[in-house]
Amino acid sequence: MMKRPILGITMGDAAGVGPEIIVKALNNVDIYKIAKPLVFGDAKIINRAIDIIGVDIKCNIIDNPEKGKYQAGIIDIIDLDNLPVDLPFAKVDGRAGKAAYEYIESAVKYTMKNEIHAIVTAPLNKEALNLGGVHYPGHTEILGHLTGQKDFSMMLTSPKLRVIHVSTHIALHDVPKVVKKERISKVIDLAQETLKLMGFDEPRIAVAGLNPHCGEGGLFGDEDEKEIVPAIKEAQAKGYNVTGPVPPDSVFHRAANLDEFDIVVVMYHDQGHIPIKVLGFDSGVNVTVGLPCIRTSVDHGTAFPVAGTGKASENSMLEALRLGAQMAKVKFYDLLSK
């Protein structure tokens with residue numbers, strides 16, 4: 001029988017819903033059938049979340065992944081002990097931002113040594129990160145820095161649609177500067193590789209156009225013909241099943257409703273985020289691809305309005321855990337089969 005992969009769950013911003021959705025997700029016994037969840041966080045804060053949710057779970061503080069019990073009813077945690085127990089809910093706080101970064105940093109350390117098999121992240125608050133002295137736009141860029149990678153991308157998945165981004169956290173007027181053949185080709189490669197980890201034998205990849213009607217022969221811009229088309233032809237020459245450029249106003253319907261494609265390569269942040277969040281706001285998963293480690297995440301923010309109430313949904317966290325386990329089993333098949 002294949003061993004369960006160890007999933008390192010980073011607690012995120014403690015002023016938000018991260019601790020609560022972690023506790024709710026780990027109250028689901030099915031997670032323990034497919035993985036060994038290990039929290040990187042602050043035990044005081046997790047215990048506070050346990051009290052809020054009102055479940056019969058205990059924390060098991062360990063200093064090494066090998067020492068985890070990994071059984072239902074117990075949350076194994078590497079306790080960084082870096083926050084006060086009375087940290088206010090729903091307030092931007094530099095202490096929470098700095099602590100959230102430290103959880104990621106610790107998880108990456110173990111992942112790079114293959115002592116855990118994937119990282120699953122709870123949400124950050126970007127303003128709190130910066131107040132805490134951590135000057136990155138978000139998880140994707142932090143993980144790229146910590147792992148020494150530059151060619152990475154954001155993938156979003158939901159039950160009906162998957163998208164992967166050529167550009168993310170940049171101003172809209174800067175997008176055409178990034179939509180270049182080399183970058184698009186790399187993202188198509190990442191889409192192919194990642195879908196293989198997700199269990200797709202022959203991924204069907206669509207590439208969205210940048211401009212309305214894919215530029216309409218240059219009438220609305222020439223990026224589609226000059227940059228996107230050559231990248232698609234290069235991918236097709238590698239044997240990939242790639243279609244495009246497909247007009248952005250129809251490609252998501254064809255992928256999600258007509259099941260023509262397994263993933264859509266999108267050119268900028270909102271081109272991909274809007275359809276994903278319309279189709280599966282509570283069940284989306286964010287995947288950073290192109291890293292030496294697997295990283296999945298909830299596809300929502302810190303949800304300050306409901307932080308501390310126990311009302312936040314754990315659905316996205318559950319989906320992130322399931323996907324992290326699936327990808328880890330493929331990537332570490334030989335190791336986990338021993």
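Which lysine side chain does the side chain of Glu234 meet in a salt bridge?

Modeller: A word first: this is a predicted model. The side chain of Glu234 meets that of Lys181 in a salt bridge, at 2.6 Å from N to O. Now place the two partners. Glu234 belongs to helix α9, which covers residues 223-237. Lys181 belongs to helix α8, residues 181-197. The pair therefore ties together parts that are 53 residues apart in sequence. How covered are these residues? Glu234 has a relative accessible area of 30%, so it is partly exposed. Lys181 is partly exposed too, at 23% relative accessibility; the cut-off for buried is under 20%. In general, side chains of opposite charge can pair when their charged atoms come close.

Stay with helix α9 for a moment and follow the chain onward. The loop between α9 and β9 holds Gly239. Gly239 is exposed, because its relative accessible area is 61% and exposed means over 50%. Its C-alpha atom is 10.0 Å from the C-alpha atom of Glu202. Along the chain, Gly239 and Glu202 are 37 residues apart. Next comes strand β9, residues 241-246, where Pro245 sits. Look at the bond between Gly244 and Pro245: this peptide bond is cis, with omega about -5°. In general, most peptide bonds are trans.

Back to the charges. The whole structure contains 15 salt bridges. One of them joins Asp42 and Lys44, with the closest N and O atoms 3.0 Å apart. Here the two partners can be told apart by their cover. Asp42 has a relative accessible area of 0%, so this residue is buried. Lys44 is partly exposed, at 27% relative accessibility. The pair is also part of a network: salt bridges link Asp42, Lys44 and Asp81. Another salt bridge brings together the side chains of Asp63 and Lys67, at 2.9 Å from N to O.

Now for the helices. Helix α3 runs over residues 43-53 and packs with helix α1, residues 18-26. Their axes are 9 Å apart and meet at an angle of about 65°. That makes α1 roughly perpendicular to α3, because angles of 65 to 115 degrees count that way. The crossing of these two helices is right-handed.

In general, most residues other than glycine have a negative phi. Asn114 has a positive phi, near 60°, and is not a glycine. Find Asn114 in the loop between α4 (94-112) and β5 (118-121). Its relative accessibility is 42%, so Asn114 counts as partly exposed. Ala303 also has a positive phi, about 50°, without being a glycine. This alanine, Ala303, lies in the loop between β12 (295-298) and α12 (315-331). At 31% relative accessibility, Ala303 is partly exposed.

Last, leave the charges for a nonpolar spot. Ile274, Val278 and Leu279 form a nonpolar patch on the surface. Together these three residues have about 290 Å² of accessible area.

Note on methods:
Residues are numbered from 1 along each chain as its sequence is written. This is a predicted model: local features need pLDDT of at least 70, side-chain atom pairs count only at pLDDT 80 or more; totals for chains, interfaces and linings use all residues. Side-chain values use heavy atoms; hydrogens and water are left out. A salt bridge is a side-chain nitrogen of Lys or Arg within 4 Å of a carboxyl oxygen of Asp or Glu. Buried means under 20% relative accessible area, exposed over 50%, partly exposed in between (1.4 Å probe, protein chains only). Helices (H or I, at least four residues) and strands (E, at least two) are DSSP runs, numbered from the N terminus. Patches are made of residues with over 30% relative accessible area and no salt bridge: like charges are joined within 9 Å, nonpolar side chains (Val, Leu, Ile, Met, Phe, Trp, Tyr) within 5 Å. Accessible areas come from the Shrake-Rupley method with a 1.4 Å probe; for residues, only the protein chains shown count as cover. Axes are lines fitted to C-alpha atoms, for helices over the stretch in contact, and angles run from 0 to 180 degrees between N-to-C directions. Angles under 35 degrees count as roughly parallel, over 145 as roughly antiparallel, 65 to 115 as roughly perpendicular and the rest as oblique. A crossing is left-handed if the near helix is turned anticlockwise from the far one by less than a right angle, and right-handed if clockwise.
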